[in-house]
Amino acid sequence: MVARELSGREDDVDVTLRPQRLSEYIGQDELKHELNIAISAARLRNESLDHVLFFGPPGLGKTTLACIVANELGTQIKVTNGSALIRTGDLAAILSSLNPGDVLFIDEVHRMPVIVQEVLYSAMEDYSLSLIVGRGVDARTLTIPLPPFTLIGATTDPGRLSAPLRDRFGILLSLQYYSPTELLEIIQRTSHALSFPITVDAAYAIALRGRGTPRIANRLFRRVRDYATYAGKSIIDAEATQKAMESLRIDELGLDQTDRKILECLILRYEGKPVGLSSLASAIGENVENISDVYEPYLVQIGLINRTPKGRIPTKKAYVHLGIPFPAKGEA
Ligand code: ADE
């Protein structure tokens, strides 16, 4: 059962297209290898799987993997989000509804307030729910036993979890950006699932602009499919892809207008000198978390921004990409 309706976002329209088994999941080979060993061992011992923490940039497949884990274990999964667990009672209600062996998936687990995170400590460690009931002199600790279960947490940044919570995850798995070849395969899989064919050239052109992220590559695929439908084509070709990307103003590295605004701001406004995250965010009118979690990691990954102790600086490659002359030494 899925506690949270996975609807509302376009990416979730094709939840049913997501791979159901580890063997269907493309990429993240090292992670899959480790996960496969842990799942197989838990099954052989007939025990619940140790708690798992997935971390990495958004859109790389943390939720998909959590659902696959439950499938592979042959158990139910309950899905929630750290931002929905505001009070200890919110978490207690979900924990007390678990059946033996179930998976509880908490996306954005770092968003839980510390007081709620604390309820997880004993739940994870000895499958018991310790709640304080009553106030003042009447306050008592109520301990309720829980069935063995597996908590799967997902976060963009494990550093934002309290250390005691982080330490209670037995299996820590980091998701990496996908290679263009892996994204190509994912796009071909989506094209097949949606019964809208695509040429290899077009799929590769999308893959190159997918920022190493299946969610983005699949979103681009849908935009290009719209364009092809509009143009009366029954197959997505390189021309439709090119036209769609131009109208979306997505360049050949997959950068959009916000990425370019970030780079222009670093180069032109701050003249290549180190800039703090909050100054950068307010200069371009974006929120800090969006820059730190979504935009910056990819710009760093492809070598357009360097993170230094004093702040972010644009690299020479960023100047070249925007067609701005790189200042000679002493000029900056
Ligand atoms: N769809 C989105 N991500 C995927 C992946 N890693 N493998 C297969 N299909 C996917």
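This is a predicted model: local features need pLDDT of at least 70, side-chain atom pairs count only at pLDDT 80 or more; totals for chains, interfaces and linings use all residues.
Let me begin at the ligand, where a backbone N or O atom of Ile26 lies 2.8 Å from one of the ligand's nitrogen atoms, a polar contact being a pair of N or O atoms within 3.5 Å. The protein covers 92% of the 260 Å² of accessible area that the ligand has on its own, with areas taken from the Shrake-Rupley method and a 1.4 Å probe.

Residues are numbered from 1 along each chain as its sequence is written, and side-chain values use heavy atoms, with hydrogens and water left out.

Around the ligand we find Pro19, Glu24, Tyr25, Ile26, Tyr178, Ile186, Arg189, Pro214 and Asn218, each with a heavy atom within 4 Å of it. Helices α6 (180–193) and α8 (214–230) each supply at least two residues of this shell; helices here are DSSP runs of H or I, at least four residues long.

Now to helix α1, residues 29–45, where the 17 residues at 1.5 Å each should span 24 Å, which agrees with the 24 Å between its end C-alpha atoms; the expected span is 1.5 Å times one less than the number of residues. Leu31, Lys32, Leu35, Ala38, Ile39 and Ala42 are buried in α1, that is, under 20% relative accessible area, whereas exposed means over 50%. Seen down the axis, these buried residues fall within an arc of 135 degrees, so they line one face of the helix, the arc being that of directions from the axis to the C-beta atoms. On the other side, Asp29, Glu30, His33, Ile37, Leu44 and Arg45 are exposed.

Definitions and conventions. A polar contact is a pair of N or O atoms within 3.5 Å; within protein, one must be able to donate a hydrogen and the other to accept it, and residues adjacent in sequence count only if both atoms are side-chain atoms. Buried means under 20% relative accessible area, exposed over 50%, partly exposed in between (1.4 Å probe, protein chains only).
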